[in-house]
Amino acid sequence: MGRSFDEELQYLERKTDYCWTIKKGFVPNMQVEGAFYVNSHLEKLMLEELRNSCRGGIGGFLPGVKQIANVAALPGIVKNSIGLPDVHSGYGFAIGNMAAFDMDDPESIVSPGGVGFDINCGVRLIRTNLDETDVTPVKEQLCQSLFDHIPVGVGSKGVIPMQAKDLNEALEMGVDWSLREGYAWAEDKEHCEEYGRLLQADPSKVSAKAKKRGLPQLGTLGAGNHYAEIQVVDEIFDKHAANKMGIDHKGQVCVMVHCGSRGLGHQVATDALVAMEKAMARDKIIVNDRQLACAHIKSAEGQDYLKGMFAAGNYAWVNRSSMTFLTRQAFGKVFNCPPDDLDMQLIYDVSHNIAKVEEHMVNGKQKTLLVHRKGSTRAFPPHHPLIPVDYQLTGQPVLIGGTMGTCSYVLTGTQHGMDTTFGTTCHGAGRALSRAKSRRNLDYQEVLDKLAEKGISIRVASPKLVMEEAPESYKDVTEVVNTCHEAGISKKAIKLRPIAVIKG
Amino acid sequence: MSEYAKASDYDKVEKQFEYLDHTADVQIHSWGKTVEEAFEHACLGMFNYMTDVDGVLPRKTVEITAEGTDYLSLLYHFMDEFLFLSCTDDYFMARQIEILEFDKEKWKIRARGYGEDFERARHGGKGTEVKAITYSAMKVLPEADKTDIFVIIDI
């Protein structure tokens, strides 16, 4: 584009201590303004990404702030393109970017980039009635048991038997399939976003190629930033909300699982991008960035993608259910009792890469919107009809996974968040250092030693990943969560720290 | 295993690629005297992220075809075909990619991969899964005597 950093800054304005506006004109065709939530510390990282991009040269990538603005240029967008505090550069949409589109506007689009390749990548938190003192004597054994039960890493295959017919049923039914097959408890469905099943899913909209990738991978953790962690309650900020989640004291042991739809979801996104490129040429949709490939929601391509994406979403819930099953087995084995006795109930399961049809108030009127949440999490407030009965008074639990070896959080949704961000909040820490930089600057053994010092057991299938996933490579999740809390878009309830990590 | 060759019996793989800084994922920069070479090494760069390609023996040959409408979409589908082979059936890993045909008018490629199926003991723990190829900041820059490619892969 050729503007200097100072020229670019003219389009950015700090509205409050925690919120910035991106004015129209920052990129061409903006239909609405952009906005992003940061505190003073995170603001520096955002602006540094922008400054680096202004330097030019070959290679390089669009900074998050430009991507938020490019999304604001998409047809049918309502209110704002919003960046959450963990926002950083992604493909098309930034990661940590929410955008909602008016379903009544025929120009409105759906974009796979606004969901992400890892459709329904998400997090779930399982509680136990164990205390840290119960687990410490058998920690290594427990960590090993989890690692042995849960398939991780390149080339890993699922251990739960699956045929093509099972896969189709799983794609259609989501958690209902897991329930029927005996891999999930009835209460798990109640405590899952969408009750673990997107009803408009259509397995026939998932290509044979995607199914081929998905079949052997059901029940595997994957690699990258996916993990299973044994965590311990470190701090309770909101006693009432925590109690409703079955958390009542510091030191209580939980398990957090973070993973998505594996190769199946990635293939669904890839297939859609190809189809939509053609649709865009046909329907003359113009976007600022090729990776923002999209289609009109009501078009054949748009509908096919949504139905296939919902099926991939269901796959991810079956995957997380399978991992819950394996986790319960692993614990049961080590403590020599049925998982029921350990009260290993699901607290909640959230998605942070998804698009949903939701009702929201816009300028005093109720509207039906297609809300894209990429690297961001739904955070519905108290009394919202779509959240479980248990959480009607406290608001929907939001699970924020920290990075390897750092703390995680449970938040609750707020009315202010519903009003300002369509009930959306952050999803995690967000990266700060590139993977290449991490591998150059961090030492594998040092990272492991630091974790050992904190008393954290670790099993990694891809040691190369250890530096790339080190906490130093990420933004500080506490800063991110505090920013959301201060901005009023979600409330802190619980802080957890890891004592064992299983990574792909 | 003793009747087979060992990785050390082979020359180190010629690597015309590097990994560049990107916040969330990995940007591969590959190059070559020709467009074909740059394409081949972009793909090799992807495999080298999954495992150490020097540890992959040339025991199996696979062949793929890819189509596109321009250099960018052709690169995307070319790499995606190999990515698909790496995560299905036998989990194929390549140590060398060879383009047999590159039609710059119809935008078609026919290519071979030389390598072997993933074996945990020998190839495991040396890399990570690649989720997808992306169009993000993708560039194919053919010049008279050198081509550069930039492509971001999703980890």
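Is most of H12(A) buried or exposed, and how many of its 36 residues are buried? Helix H12(A) is mostly covered, with 28 of the 36 residues buried. Buried here is under 20% relative accessible area, exposed is over 50%, and partly exposed sits in between (1.4 Å probe, protein chains only).

This is a predicted model, where local features need pLDDT of at least 70, side-chain atom pairs count only at pLDDT 80 or more, and totals for chains, interfaces and linings use all residues. Residues are numbered from 1 along each chain as its sequence is written, chains are lettered from A and ligands numbered from 1 in the order in which they are written, and side-chain values use heavy atoms, with hydrogens and water left out.

**View 1. Helix H12 of chain A, residues 300–335.** Helices (H or I, at least four residues) and strands (E, at least two) are DSSP runs, numbered from the N terminus. The expected span of a helix is 1.5 Å times one less than its number of residues. For the 36 residues of H12(A) that gives 52 Å, and the end C-alpha atoms are 52 Å apart, so the two agree. Just past H12(A) comes Asn336(A), with a positive phi of about 55 degrees.

**View 2. The surroundings of Thr220(A).** Thr220(A) sits in the loop between helix H9 (208–214) and strand S8 (227–236) of chain A, and is buried at a relative accessible area of 0%. Its side chain makes a polar contact of 2.8 Å with that of Arg262(A). A polar contact is a pair of N or O atoms within 3.5 Å; within protein, one must be able to donate a hydrogen and the other to accept it, and residues adjacent in sequence count only if both atoms are side-chain atoms. Leaving aside neighbours within four places in sequence, the residues in contact with Thr220(A) (heavy atoms within 4.5 Å) include Pro151(A), Lys157(A), Asn319(A) and Met323(A).

**View 3. Where chain B meets chain A.** Here 45 residues of chain B are in contact with 51 of chain A. About 4,000 Å² is buried between the chains, 53% of it on carbon and sulfur atoms; that is the accessible area (1.4 Å probe) that two parts lose on being put together, summed over both. The rule finds four salt bridges across the interface, a salt bridge being a side-chain nitrogen of Lys or Arg within 4 Å of a carboxyl oxygen of Asp or Glu. Arg262(A) turns up again, in a salt bridge with Glu129(B) whose closest N and O atoms are 3.0 Å apart. On the chain B side, H2(B) supplies the largest share, eight residues.

**View 4. A salt bridge between Asp343(A) and Arg127(A).** The N to O distance is 3.1 Å. This pair links parts 216 residues apart: Asp343(A) is in the loop between H12 and strand S11 (346–351), and Arg127(A) is in strand S7 (residues 122–131) of chain A. Asp343(A) is partly exposed at 28% relative accessibility, while Arg127(A) is buried at 13%.

**View 5. A salt bridge between Lys104(B) and Glu36(B).** These side chains meet at 3.4 Å, N to O. Lys104(B) is in the loop between strand S4 (92–103) and strand S5 (108–117), and Glu36(B) is in helix H1 of chain B, 68 residues apart. Lys104(B) is partly exposed at 38%, and Glu36(B) is partly exposed at 22%.
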